[in-house]
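Subject: Handover of a structure and a summary of findings

Dear colleague,

Please find below the structure that I am passing on to you.

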Amino acid sequence: MRAAVDLCLRPRSASEASSMAVLLEKMGYRAVGVEAGEPGVYKAFTEAGLEVLRRITVKARSASEAVKAVRRARQQYDLVAVEPHDAEAARFAARDERVDIVSLPPAMARYMDRSEAYLLRLGGGLVEARLSWLLAGQPRRVRALMVIARRAAAYDAPLAAVSCAKTRWQLWHPMAARAALALLGVPENTALAAVTAVPLSLVVKRLEGR
Amino acid sequence: MRDDSVVWTALLLVSMAAATIAVLAWRKTMECQRELDAARRIAGHAARYVALVRRALETVLVYARDEEELRRIAAKRRKRYVAFRIVYEGEPPAPQALEKAIIETAKSLAGTIGVSEAGMSLAYYNPERAAGVLRVNHTHKNLAIAALALTRSIDGRRVLIIPLRTSGTIRRAKKTIQEEL
């Protein structure tokens, strides 16, 4: 299997982060995006031999709110993700070059359309498919995940599979993530790229910019 | 008197001409009507032939689809063996509980019929090493791997099942487990 990347991890503590890091390294991950409150968390992943990017998720109810938050966040974090709750915010997040990841909530799944895909390609960002929604088992969230993943594949938008794991029990092996996306209707090659090439290209871009 | 006879003669000639024209026009109309009727008859025959050909084609298509379906059912189902290992808390899970949990997860994904078509079963399991091999039909490999990944609890205890490799033979899958551990 090629080098896999998980762009969304949310460990609750440094000890949890250590156990996650060991498991991720064994599963073949090479880089991770971590949202953390505690400072020791990043170190736990680095010590396991993983490349770490500090991530923040900005919730934006409007484009103007998103602009202010992104400007602040870009200076402090390696990865900036925007969770838009409004059509304008979604479009802004897709086209702005400072935004790396668009994290559509279930209610906004249908905004993953041709225009959004085009703007994502222009802005150099990607849309994430949160596999934690599969673990939750709620039909509405699973349906939203299916819609986002299929539409991103159909409209040729850069798609990345993320676990958003808080504990090691919520992690996904790259093969399993790929199979889950394929089961949701994403073509096999796109599913493979969503676990490896697409997130890896973002990591390389951000590491070069450090 | 001479003027009257000229007028009458002229009138007679005009009426004869008009009558001739009327007869000719009527004859032409009748010819056109006959041609129209012939054209309608030919069109009717053609429509009936087209309907016959269409019914024949539909029948052929139905048979072809049935043939394809029967061929698919009769085709040999190649098996795939998915090697996996388990990260668990407490005791390693028992094989029956493990198989049951995986199949229940697969049912929640694909339903009872989907699971029946997949032909999933636990081919090998080593409780000491908490590693095993799942057998599945080749057409449902992704379902098996996703079911393994989504099984997060067995008998109330948390687990994480990590798929290692997919192989065409159980021997190769077991070898993968040996190498991994």
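In what order do the strands of the open sheet in chain B stand? The order is 2-3-1-5-4, with 5 strands in the sheet and antiparallel pairing. Strand 2 (121-126) and strand 4 (153-154) of chain B stand at the edges; each has a single partner strand, so one side of each is left without a neighbour in the sheet. Please note that this is a predicted model.

Strand 2 of chain B is joined to strand 3 (residues 131-137) of chain B by 5 bridges, and the two run antiparallel. Within chain B, B:Ser121 has B:Arg135 of strand 3 opposite it.

The second topic is charged side chains. Side chains of opposite charge can pair when their charged atoms come close. Over all chains, the structure holds 19 salt bridges.

The salt bridge between A:Arg54 and A:Asp78 has its closest N and O atoms 3.4 Å apart. This pair links distant parts of the chain, 24 residues apart: A:Arg54 belongs to strand 3 (residues 51-60) of chain A, whereas A:Asp78 is found in the loop between helix 3 (63-76) and strand 4 (79-84) of chain A. A:Arg54 has a relative accessibility of 33% and therefore counts as partly exposed. A:Asp78, with a relative accessible area of 8%, is buried.

A salt bridge also brings together the side chains of A:Arg91 and A:Glu116, at 2.7 Å from N to O. A:Arg91 lies in helix 4 (residues 87-95) of chain A and A:Glu116 in helix 5 (residues 114-123) of chain A, so the pair ties together parts that are 25 residues apart in sequence. With 22% relative accessibility, A:Arg91 counts as partly exposed, while A:Glu116 is buried at a relative accessible area of 0%.

The remaining pair is A:Arg130 and A:Glu128, which form a salt bridge with the closest N and O atoms 3.8 Å apart. A:Arg130 counts as buried at 9% relative accessibility, and A:Glu128 is buried with a relative accessible area of 2%. Both belong to one network, in which salt bridges that share partners join A:Arg10, A:Glu35, A:Arg55, A:Glu128 and A:Arg130.

With kind regards

Key. Residues are numbered from 1 along each chain as its sequence is written. Chains are lettered from A and ligands numbered from 1 in the order in which they are written. This is a predicted model: local features need pLDDT of at least 70, side-chain atom pairs count only at pLDDT 80 or more; totals for chains, interfaces and linings use all residues. Side-chain values use heavy atoms; hydrogens and water are left out. Two strands pair if DSSP finds at least two bridges between them. Helices (H or I, at least four residues) and strands (E, at least two) are DSSP runs, numbered from the N terminus. A salt bridge is a side-chain nitrogen of Lys or Arg within 4 Å of a carboxyl oxygen of Asp or Glu. Buried means under 20% relative accessible area, exposed over 50%, partly exposed in between (1.4 Å probe, protein chains only).
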